[in-house]
Amino acid sequence: MILCGHRGVASLAPENTLAGLREAHRLGLEWVEIDVQLTRDEQVVVIHDEKVDRCTDGRGWVRQYDRNELSRLDAGSWFSPAFAEERIPLLQDYLALAIRLGIHVNIELKLYPEDDAERLCRRVSEVLEQGAFDKHMLLFSSFEPDCIKFMHELQPDIPRALLVERIPDDWQTQLQQLDCTSLHCHHRHLTRAQALAVKAAGYRLNCYTVNHIDEAATLAAWGVDMIFTDQPQDYLAAGWNPN
Ligand code: G3P
Ligand code: MG
């Protein structure tokens, strides 16, 4: 079972920063997950929350910042003074470093209620085209089915995953309609029967956010392909293979 660093390696470096990506590389991970959103001037930035408050020294909504304003915020000190130089990365900078380090990236398209799915997806697609990034290194996911639909149109060669908290009854229909390769769900709500059914139908099954080895061992026994974890170092210390 693959260990995917959640938001980089969220327990060892500020989430969704280049420092977190370097940490993932240091640990030997092949996969990280990040969250992306748009600034007011339509730059794609790597950040989870709708507001900058929790993970920077700024205040307010990501969508109301221009990229230049956002780039001045300190995105590391909240985590530790040692990371005071970290900034909210642009997607293109994040991907350039990830690919140089040989790390695959699950790009989670974060769509908050006031956001526009098509606008976000078009800009992400433009970033990928401009950077000529290796599409084999990428995977899209979103809780918002519209984002999956737009990415299917814009970047059909990049695999897609539907993100859910609980697996809905019509999961197979949704995965077929959206032409997804994977289903991502919260591990706490997953049952063994669901896991077996998803795998038997030929899909990859990935679970978030799994920070305890005993829970991960159960998921591995059920055939789960990948877990998103804030603490991959715990698994590695226990002798797990990251890939
Ligand atoms: O992509 C898996 C996981 O990151 C989804 O939840 O809120 O941590 O982005 P969240
Ligand atoms: Mg995420």
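Is Glu33 buried or exposed? Select Glu33 and have a look: its relative accessibility is 4%, so Glu33 counts as buried. Keep in mind as you click around that this is a predicted model.

**Stop one: the magnesium ion**

Glu33 (OE), Asp35 (OD) and Glu108 (OE) coordinate the magnesium ion, at 2.0 to 2.2 Å. Along the sequence, these donor residues follow the spacing E-x1-D-x72-E. Now click on Asp35: its relative accessible area is 0%, so Asp35 is buried.

**Stop two: Val32**

Next, pick Val32, which sits in strand β2 (residues 31–38). Val32 has 0% relative accessibility and therefore counts as buried. What is packed around it? Beyond its neighbours within four places in sequence, Val32 is in contact with several residues, including Cys4, Leu21, Tyr94, Ile103 and Val105.

**Stop three: the cysteines**

Cys4 is buried, at 0% relative accessibility. How far is the sulfur of Cys4 from the closest cysteine sulfur? That sulfur belongs to Cys207 and lies 12 Å away, too far for a bond. Move on to Cys207: Cys207 is in no disulfide either, and its nearest cysteine sulfur, that of Cys185, is 3.9 Å away. The cut-off for a disulfide is 2.5 Å, and the count of disulfides comes to 0. Cys207 is buried as well, with a relative accessible area of 0%.

**Stop four: His187**

From Cys207, step across to His187, which has Cys207 among its contacts, along with Tyr208, Thr209, Val210, Glu215 and Leu219, leaving aside neighbours within four places in sequence. You'll find His187 in the loop between β7 (182–186) and α7 (192–200). With 7% relative accessibility, His187 counts as buried.

**Last stop: helix α5**

Finally, select residues 145–154, helix α5, and highlight Cys147, Ile148, Phe150 and Met151, which are buried. They cover an arc of only 165° around the axis, so they are on the same side of α5. In an α-helix there are 3.6 residues a turn, so residues three or four places apart point the same way. To see what covers the buried residues of α5, show β4 (104–109), α4 (117–131), β5 (138–142) and β6 (160–164), which are among the elements there.

Technical notes. Residues are numbered from 1 along each chain as its sequence is written. Chains are lettered from A and ligands numbered from 1 in the order in which they are written. This is a predicted model: local features need pLDDT of at least 70, side-chain atom pairs count only at pLDDT 80 or more; totals for chains, interfaces and linings use all residues. Side-chain values use heavy atoms; hydrogens and water are left out. Helices (H or I, at least four residues) and strands (E, at least two) are DSSP runs, numbered from the N terminus. Buried means under 20% relative accessible area, exposed over 50%, partly exposed in between (1.4 Å probe, protein chains only). Contact means heavy atoms within 4.5 Å. The arc is that of the directions from the helix axis to the C-beta atoms. Donors are N, O and S atoms within 2.8 Å of the metal (3.2 Å for Na, K and Ca); water is not among the atoms, so sites may look incomplete.
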